[in-house]
Amino acid sequence: MLPARSSLRSFTRSVLSSFSFSAQRPLSSAMPASPPFHQEPHKLLVIPGPIEVSDDVLYANAHPAMSHVSPEFIPILGDCIRMTREVLLAPTSQPFLISGSGTLGWDQVAANLVEPGEDVLVLKTGYFGDSFEDCLTVYGANVHHITAPVGDVVSQADIAKALKERKYKIVTFTHVDTSTGVLSDAKMIGHLVKELSPETLVVLDGVCSVASEEIRQEEWNIDVVLSASQKGLGVPPGLSILSASQKAIKVFQERKTPVTSYYASWQKWLPVMQAYEKGTAAYFATPPVNLVYALHKSLSIITKESPTLVERWKLHSEASAKVKDACAALGLKQVPVNPENAANGMTAVYFPEGITAGDVIPRLSQLDVVVAGGLHKDIKDKYFRIGHMGVTAVEHQRGDLEKIISSLGSALKDAQAAKNS
């Protein structure tokens, strides 16, 4: 029963004072540096992305609701733009951070840098090279391609031959094709194109390589690196991340025909990115504010804390060797035909003779380890894929690698025993 009218005001104050409203704190106050929570126990996610997310990053993603044009959010997005350059070693590039998946990067390239009828060369090492070709074709590009045998890379000689035969607007390649675990030589490709066709733009699909593989965008003559939040960067899915060289921006600005996309148009997004970096708000479409906070935390860890970016590349290489050596000890053959062309952030291996995905992947899941089945159409049922990026590779105290290796051994042993029973 409510008190008398004369005491209603004091009653209300009493009730309100019994609650702790976060809004009573200034909105600009930072969230605690160390998260006051740990994730619920869950199965270890070691597919080639999305990957495990650290408590710090997940906590940043839980930031209170914030306006995308608020004074508090503007420097967060601006910092993310600057730190993206640091991760890619591209101090003069123009990053684009847009709500969407890594696939949106393909649309950005096709819509902004290629005009209908222009020649494009796609170097294909698996499913994602095929898909990038499809995207470019949709936008009217005249697409040519060189397809590597399954598990192999496109040779330098074949690339050189193609560049000498025709002038291409862009050359694209998938740095790590997740369908095969093949790592293309980005440095070689960038330098070769610069030598033989200096006007051609070089586009690196780095969805499965940024922050887990060495990338030196400007030094290697890479004009566009496109990526996403949910792999080596260790952030939940939902952000398309792209870095364009000044050469690419000039090509975009000098195009003769209209941009062939609305949402992916740099005419819309370039002023927005430039405004936030300068410390003012601009609007085209609402950015995923919470994901940007999560990205900010991840990029801060990568660029400002230990291990350094270069040390992270080494740790991914060491983690890769550990997993691949363990797979070899179990008699598993890698999909990449040359170990030098095997990705550091993931491992793709064939099942043993007589063993299928249904024999292994569910058993791993029962051991709380989630891996991915095959994706490449030619070998889809013959292999599986393990991701070891981000915290799984870098934070040894988690014990992720040991859990992967021990669980894989147990699952294969049980599967083979069941076949022989």
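Which residue stands opposite phenylalanine 173 in β5? Leucine 123 does. The points below start from the confidence of the model and return to that strand.

1. Confidence. This is a predicted model. Its chain averages a pLDDT of 93, and 92% of the residues score at least 70. Strand β8 (residues 201-205) has the highest confidence, at 99. Helix α1 (residues 8-17) has the lowest, at a mean of 37.

2. The pLDDT is below 50 over residues 1-29. Beyond near neighbours in sequence, this stretch has 7 contacts in the model.

3. Overall form. The chain holds 14 helices and 14 strands. Its radius of gyration is 24 Å, close to the 22 Å from the globule rule for 421 residues, so the chain is as compact as a globular protein of that length. Along the principal axes, the C-alpha atoms fill a box of roughly 90 × 70 × 35 Å.

4. Burial and contacts. Of the 421 residues, 54% are buried. Take the contacts between residues at least 6 apart in sequence: 70% of them join residues at least 24 apart. The accessible surface is about 18800 Å², and carbon and sulfur atoms account for 54% of that.

5. Strand β5 (residues 170-174). It is largely enclosed by the rest of the structure, because 5 of its 5 residues are buried. Ile170, Thr172 and Thr174 point one way; Val171 and Phe173 point the other way. Side chains in a regular strand alternate between the two faces of the sheet.

6. Partners of β5. Strand β3 (residues 119-124) runs parallel to β5 and is joined to it by 4 bridges. β8 also runs parallel to β5, with 5 bridges. There, threonine 174 has aspartate 205 as its bridge partner.

Terms used: Residues numbered from 1 in each chain as written. Predicted model: local features only at pLDDT ≥ 70, side-chain atom pairs only at ≥ 80, totals over all residues. Heavy atoms only, no water. pLDDT = per-residue confidence, 0-100. Helix = DSSP H or I, 4+ residues; strand = E, 2+ residues; numbered from the N terminus. Contact = heavy atoms within 4.5 Å. Buried < 20%, exposed > 50% of the residue type's maximum accessible area, 1.4 Å probe, protein only. Pairing = 2+ DSSP bridges. Rg over C-alpha atoms; globule rule 2.2 N^0.38 Å. Areas by Shrake-Rupley, 256 points an atom, 1.4 Å probe, with all protein chains shown as cover.
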